[in-house]
Amino acid sequence: MYCPHCGNKLPDDAQFCNCCGNSVIETHPGQPEGRETEPKESGGNAIKIVLILVIAVIAIAILVAGSMLMKDHVETQRAARDAQQALEAAEEEQAKYGDQTAEEDDNAAGEEDDSEPEDPDDDDDADDDEDGEAIVEEPAEKSQAYTDFASRLEALQSEFTSGDAGADNATMTANADDLYQRSDALLNDIYQYVKANTDSSTFASIQQEERNWIAQRDAKAETDASDWVGGSGYNLIYLSSRTESTLDRCEALLNYID
């Protein structure tokens with residue numbers, strides 16, 4: 001080997017030059033003596049970048065989740081407000097219709113008062129037979145249509161009252177939907193029968209009643225289920241409320257069938 005400083009030839013195992021006295025050992029080939037290379041970073045920057053990315057993703061996820069929760073809350077409040085407004089509007093319309101009906105009843109009563117009073121003796125004679133015994137009037141026999149509708153309604157009411165004790169939520173919701181569909185079908189059958197067997201002026205008032213009832217039914221269902229928005233019980237409560245209202249309406253429409 002040769003001294004890197006003065007070029008003097010040295011033994012291979014020499015550590016110092018015997019001519020110039022400098023060290024001939026190079027700790028890092030290609031580097032000047034006495035200067036060490038700086039240690040390289042062992043992936044420190046890469047770890048920092050990964051941590052920053054993870055923190056950023058978590059922050060974005062929190063913001064998105066918060067935004068969705070806020071949106072759901074706002075939509076729930078809006079639905080409850082709209083349902084309440086619809087219910088109030090329906091009640092106001094129903095009150096107007098009730099006032100109009102009361103006025104018509106008063107006018108009809110006034111016309112009856114103008115007629116000549118009936119002789120009470122005539123009534124007594126009508127209620128007595130030839131032997132002087134009182135005649136008990138038999139209640140008017142209902143039509144076959146009324147009997148059929150009433151029988152279907154009674155069966156649905158019994159099924160609605162019994163419920164699905166012990167069933168899971170999915171089964172109860174499916175059964176509630178089926179019961180509502182059958183109740184709505186009965187209501188439609190009764191409504192169409194009344195329409196076909198009622199004079200146009202009377203049916204016009206029934207039609208207005210139906211419109212008011214639909215608004216009340218939907219508003220009531222929204223209100224009853226408002227506490228369950230976003231939960232597993234929402235559909236069950238909503239359907240049960242609509243079914244109850246529909247069965248009550250079927251019973252009311254039966255009054256228009258003889």
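Helix α6 (234-253) has 20 residues, which at 1.5 Å a residue should span 28 Å, and its end C-alpha atoms lie 29 Å apart, in agreement. The expected span is 1.5 Å times one less than the number of residues, and helices are DSSP runs (H or I, at least four residues) numbered from the N terminus. The model is predicted: local features need pLDDT of at least 70 and side-chain atom pairs count only at pLDDT 80 or more, while totals for chains, interfaces and linings use all residues. Residues are numbered from 1 along each chain as its sequence is written, and side-chain values use heavy atoms, with hydrogens and water left out.

The buried residues of α6 include Leu236, Tyr238, Leu239, Arg242, Arg249, Cys250 and Leu253. Buried here means under 20% relative accessible area, exposed over 50%, and partly exposed in between (1.4 Å probe, protein chains only). These buried residues of α6 pack against α3, α4 and α5 (200-225).

Methionine 172 is located in helix α4 and is partly exposed because its relative accessibility is 23%. When residues up to four places away in sequence are not counted, methionine 172 touches Asp164, Ala167 and Leu236, a contact being heavy atoms within 4.5 Å. Leu236 is also among the buried residues of α6. Between methionine 172 and asparagine 235 the C-alpha to C-alpha distance is 9.9 Å, at a separation of 63 residues in sequence.

Rolling a probe the size of a water molecule over the atoms shows where empty space is left. A pocket is an open set of points, on a 1 Å grid over the protein atoms alone, where a 1.4 Å probe fits, with protein on both sides within 12 Å along at least five of seven lines; lining residues have an atom within 4 Å of a point. The largest pocket holds about 260 Å³ of space, its volume being that filled by probe spheres set on the points. Its lining consists of 14 residues, with Gly163, Asp164, Asn175, Ala176 and Leu179 nearest the centre. At least two lining residues come from each of α3 (144-162), α4 (169-196) and α6, and α4 gives the most, with 6. The lining comprises 5 nonpolar, 5 polar and 4 charged residues (Ala, Val, Leu, Ile, Met, Phe, Trp, Tyr, Cys and Pro are nonpolar; Asp, Glu, Lys and Arg charged; the others, Gly among them, polar).

A search of the whole structure gives 0 disulfides, defined as pairs of cysteine sulfur atoms within 2.5 Å. The sulfur of cysteine 3 has its closest cysteine sulfur in cysteine 20, at 3.6 Å, and is therefore too far away for a bond. Cysteine 3 is buried at 4% relative accessibility, whereas cysteine 20 is partly exposed at 33%.
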